[in-house]
Amino acid sequence: MATHDRTIQDGAPAIRARGLRKSFDEITAVDGLELEVRAGEIFGLVGPDGAGKTTTLRMLCGILDPSGGEAEVAGIDVIRHPEAVKPLIGYMPQRFSLYGDLTVGENLRFFANIYRVSKADRLAREQTLLDASRMAPFRDRLAQHLSGGMKQKLALACTLIHTPSVLFLDEPTTGVDPVSRRDFWKILYTLVKEGVTLVVSTPYMDEAERCNRVALMAKGRVLLCDTPDALRTRMRGDMLEILAEPQRRVRDLLAALPAVQNVQVFGDRLHIRVADAARDEAAVAAALHVPEVTVTSIRRVVPSLEDVFISIVSEDA
Ligand SMILES: Nc1ncnc2c1ncn2[C@@H]1O[C@H](COP(=O)(O)OP(=O)(O)OP(=O)(O)O)[C@@H](O)[C@H]1O
Ligand SMILES: [Mg+2]
């Protein structure tokens, strides 16, 4: 892909938000948000439904007026100059609307026109984007006839047609199959190599693991912000993984144990949080030593980001 020409000054953060707030009548969607995203990083915004991710992204893109606070993107005050920031950013909303009755090529042209991309730039950019997303053979296909994964790739290409330097993606791969998700991330890594800053909101913890830094959001606030590895060390206590059946009975037995702080189901496994794995493992094994339960394994595991998130959100509640 062409090297983009709007790089952010060395050392300056790509995004800075201070005390950012948004209320809708009595609902406070974003409640004094503090955020700093470095130029060239992949920054994840992770949080449950209603955490305020979309509202935050929309304010940072200059689409939604905040109720208070400050926000700067690519060195521009978004609140005072929302229009000035738009040529520098790309925003892929949670429900990106492609024009189903336009072809892949026509959709790209439509977005190029909105962003006033010159014809020469557009043709070059279109080719690069279609090649990078392996969509060139589908240039003449109607968007409504694309698979879910391809629709998302086209939406991303439309968001990139004007070569933005900061890219905001709101749950870009929700509902997309794992293979297409991997493809999609490959494109994102290419962009980052070119110096684009990425902000991605996601409900998927494996996607959060791909980010350089992650902000854990709940109730309109950032609870913690750090690298995935550092976040893992913030979790208090240890994580034990239990493989035992019948799961419901096992869950009840574990939940009743004083040593167990939290029980989460991950498919056929249970993750339980204890203060000290070395000390508490015996008590857990003893509690499951009943005739109706078959234990396959009990082992200490490195907490996943999901474990960390659940642990932190439940402490905050
Ligand atoms: N236009 C609006 N009018 C009223 N309330 C709103 C509006 N937009 C968002 N909210 C409320 O603000 C809160 C935060 O919503 P937001 O969409 O930002 O969360 P989110 O983290 O993106 O959630 P999701 O994972 O469901 O997309 C929610 O309680 C939501 O109902
Ligand atoms: Mg949302």
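**Ile298, a buried residue in strand β14 of a predicted model.** Ile298 has a relative accessibility of 19% and counts as buried. Buried means under 20% relative accessible area, exposed means over 50%, and partly exposed lies in between, computed with a 1.4 Å probe and the protein chains only. Strand β14 covers residues 294-301 and holds Ile298. Helices (H or I, at least four residues) and strands (E, at least two) are DSSP runs, numbered from the N terminus. Leaving aside neighbours within four places in sequence, Ile298 is in contact with Glu241, Ile242, Glu281, Val284, Ala285 and Leu288. Contact here means heavy atoms within 4.5 Å. His271 is 27 residues from Ile298 along the chain, and the two C-alpha atoms are separated by 9.8 Å.

**Conventions for every view.** Residues are numbered from 1 along each chain as its sequence is written, while chains are lettered from A and ligands numbered from 1 in the order in which they are written. The model is predicted, so local features need pLDDT of at least 70 and side-chain atom pairs count only at pLDDT 80 or more, whereas totals for chains, interfaces and linings use all residues, and side-chain values use heavy atoms, with hydrogens and water left out.

**The protein as a whole: 11 helices and 14 strands.** The C-alpha trace spans about 75 × 45 × 40 Å along its principal axes. Of the 317 residues, 49% are buried. Take the contacts between residues at least 6 apart in sequence: 70% of them join residues at least 24 apart. The protein exposes about 15,200 Å², and carbon and sulfur atoms supply 48% of that area. Accessible areas come from the Shrake-Rupley method with a 1.4 Å probe; for residues, only the protein chains shown count as cover.

**The magnesium ion (ligand 2), coordinated by Thr54 and Gln94.** The donor atoms are OG1 of Thr54 and OE1 of Gln94, at 1.9 to 2.3 Å. Thr54 sits in helix α1 (residues 53-60) and Gln94 in the loop between β6 (89-92) and α3 (104-114), so the pair ties together parts that are 40 residues apart in sequence. Thr54 is partly exposed, at 25% relative accessible area. Gln94 is also partly exposed, at 30%. Donors are N, O and S atoms within 2.8 Å of the metal (3.2 Å for Na, K and Ca); water is not among the atoms, so sites may look incomplete.

**Ligand 1 and its shell of 13 residues.** The closest residues are Gly50, Gly52, Lys53, Thr54 and Thr55. A residue is near a molecule or strand if one of its heavy atoms lies within 4 Å of it. By class, the shell has 5 nonpolar, 5 polar and 3 charged residues. Ala, Val, Leu, Ile, Met, Phe, Trp, Tyr, Cys and Pro count as nonpolar, Asp, Glu, Lys and Arg as charged, and the others, Gly among them, as polar. β2 (27-38) and α1 each supply at least two shell residues. α1 gives the most, with 3 residues.

**Backbone atoms facing oxygen atoms of ligand 1.** A polar backbone atom of Gly50 is 2.8 Å from an oxygen atom of the ligand. For Ala51, the corresponding distance is 3.1 Å. A backbone N or O atom of Gly52 lies 2.9 Å from an oxygen atom of ligand 1. Taken alone, ligand 1 exposes 640 Å², of which the protein buries 64%.

**Asp280, buried in helix α10.** Helix α10 covers residues 277-287. Asp280 has 5% relative accessibility and counts as buried. A polar atom of the Asp280 side chain lies 3.4 Å from the backbone nitrogen of Ala275. A polar contact is a pair of N or O atoms within 3.5 Å; within protein, one must be able to donate a hydrogen and the other to accept it, and residues adjacent in sequence count only if both atoms are side-chain atoms. Not counting residues up to four places away in sequence, Asp280 touches Ala259, Val274 and Ala275.

**Backbone geometry at Pro246, Asp25 and Thr163.** Glu245 and Pro246 are joined by a cis peptide bond, with omega about -5°. Pro246 belongs to the loop between β11 (238-245) and α9 (247-255). Asp25 is not a glycine, yet has a positive phi of about 50°. Asp25 lies in the loop between β1 (13-24) and β2. Asp25 is exposed, at 74% relative accessible area. Thr163, likewise not a glycine, has a positive phi of about 55°. Thr163 is placed in the loop between α5 (148-160) and β7 (166-170). Thr163 is buried, at 16%.
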